[in-house]
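Hello,

Here is the structure I promised to hand over. Please load it first, then read the notes below.

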Amino acid sequence: MVDYDPEQLLVQAKQSNRVALAKLISIVERGGGLARELTRLTWGQGEETYLVGITGAPGAGKSTLTDRLISVVRNRSLEVAVLAVDPTSPFSGGAILGDRIRMQDHATDKGVYIRSMATRGQLGGLALAVPEATRVLAAVKFPYVFIETVGVGQVEVEIVGAADTTAVVMTPGWGDSIQANKAGLMEVADLFIINKSDRDGTRETRRDIELMLEMSSFEDWIPPIIETVATGGSGIEETFEAIESHREYLERSGVGQKRREARILDELNHIVQVEINRKVDQLISQPSFSAKKVELINGDIDPYSLARELLKIEDD
Ligand SMILES: Nc1nc2c(ncn2[C@@H]2O[C@H](COP(=O)(O)OP(=O)(O)OP(=O)(O)O)[C@@H](O)[C@H]2O)c(=O)[nH]1
Ligand SMILES: [Mg+2]
């Protein structure tokens, strides 16, 4: 198992060994004891890494846009990693293959690391795996990590919500903004991108977003709305500048620090819940529980008393 010693792999990954890095992300995907050890090793490292979440409906142009943003970062001679997360599919399916093709310009660039992540088939899932993976990338000292995820539900919101700056990608035409609103994306968006703005309906979509923003309350940062054509490359510099302005705002206002702390506590909360669920599963699979179940069904004990007995909770 020399191959899978997280400590050794981390040392190698820090020396730009991409095979070692890939193995580390696989450890995260699989979860369990090695992943826990890896978290212990990476915790508190890589404070300098900036996390950018990019979300939006399927096909909105997230990967094309990410590909363009990679070029902007590379033009500044900085390294960048991309995590393409697909919460809707437990398999490495078509979307991931598509990402590889769309980001192929950077396939031979050693300063770019692109990795897809699929659901790990265990408690906690992606909501826990993504921050763990980003910590690995941060420990390896990528200045930027982009997290691309298809934003259609709560888990996705949770995933992008863990970024420093979250960009929500929409497209012209009605529907996207309503969908985003329903999914709770309006609350996590730090900037809005109307991609495919070469198409009709851009102005209407902008108005929809503005209307929704008017109904929300903000402190000092009002999410800007940027029109892009990812395929043609327009609006990309502006997008990157908006990310940088938001970053400055987070630092200046102290909001960034507050968010980081909230993120850590959220993660702890999540882990505690996962561990408790695991504990409950263990408890109810004990042989002694079978006898108790019979008592419960026969009316000899009530469910509250049994639950408290199982969990060893004293009367309050
Ligand atoms: N007309 C137009 N097409 C675009 C633009 N940006 C992307 N596309 C096209 O839209 C399609 C989807 O682009 P992707 O970048 O794969 O979109 P995605 O959001 O990553 O898709 P999923 O990851 O599958 O959700 C591709 O055929 C792109 O070429 C744009 O600005 N204008
Ligand atoms: Mg994509």
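**Charges over a ring**

The charged end of K23 sits over the ring of Y4, 5.9 Å from the ring centre. R30 has its charged end over the ring of Y4 too, at 5.4 Å from the centre. The rule for "over" is NZ of Lys or CZ of Arg within 6 Å of the ring centre and within 35 degrees of the ring normal.

**Ground rules**

This is a predicted model: local features need pLDDT of at least 70, side-chain atom pairs count only at pLDDT 80 or more, and totals for chains, interfaces and linings use all residues. Residues are numbered from 1 along each chain as its sequence is written, chains are lettered from A and ligands numbered from 1 in the order in which they are written, and side-chain values use heavy atoms, with hydrogens and water left out.

**Aromatic pairs**

Rings of Phe, Tyr and Trp (its six-membered ring) pair if their centres lie within 6.5 Å; planes under 30 degrees apart are stacked, over 60 edge-to-face, the rest tilted. That rule gives 5 aromatic pairs. Take Y144 and F146: their ring centres are 6.4 Å apart and their planes at 20 degrees, so the pair is stacked. Y144 is buried at 4% relative accessible area, and F146 is buried at 1%. Here buried means under 20% relative accessible area, exposed over 50%, and partly exposed in between (1.4 Å probe, protein chains only). Ring pairs also link Y50, Y144, F146 and F240 into a cluster.

**Largest nonpolar core**

A nonpolar core is a set of buried Ala, Val, Leu, Ile, Met, Phe, Trp, Tyr and Cys residues joined through side-chain atoms within 4.5 Å. The largest one has 31 residues, and L21, L24, I25, L137 and F142 touch the most other members. At least two residues each come from α1 (6-14), α2 (18-30), α3 (33-42), β2 (80-85), β3 (112-117), α6 and β4 (144-150). The top contributor is α6, with 7 residues. Helices (H or I, at least four residues) and strands (E, at least two) are DSSP runs, numbered from the N terminus.

**Largest pocket**

How much space lies in the largest pocket? About 1100 Å³. The search used a 1 Å grid over the protein atoms alone and a 1.4 Å probe; a pocket is an open set of points with protein on both sides within 12 Å along at least five of seven lines, and lining residues have an atom within 4 Å of a point. The volume is the space filled by probe spheres set on the points.

The lining has 42 residues, with L51, A162, R260, R263 and I264 nearest the pocket centre. Elements giving two or more of them are β1 (50-56), α6 (125-139), α7 (154-161), α9 (185-188), α11 (236-253) and α12 (255-284). The largest share, 11 residues, comes from α12. By class, the lining has 16 nonpolar, 11 polar and 15 charged residues. Asp, Glu, Lys and Arg count as charged; Ala, Val, Leu, Ile, Met, Phe, Trp, Tyr, Cys and Pro as nonpolar; the others, Gly among them, as polar.

S77 is not a glycine, yet its phi is positive, near 60 degrees. S77 lies in the loop between α4 (62-75) and β2 and is exposed at 62%. K141, also not a glycine, has a positive phi of about 75 degrees. K141 lies in the loop between α6 and β4 and is exposed at 55%.

V274 belongs to helix α12 and is buried at 10% relative accessibility.

Best wishes
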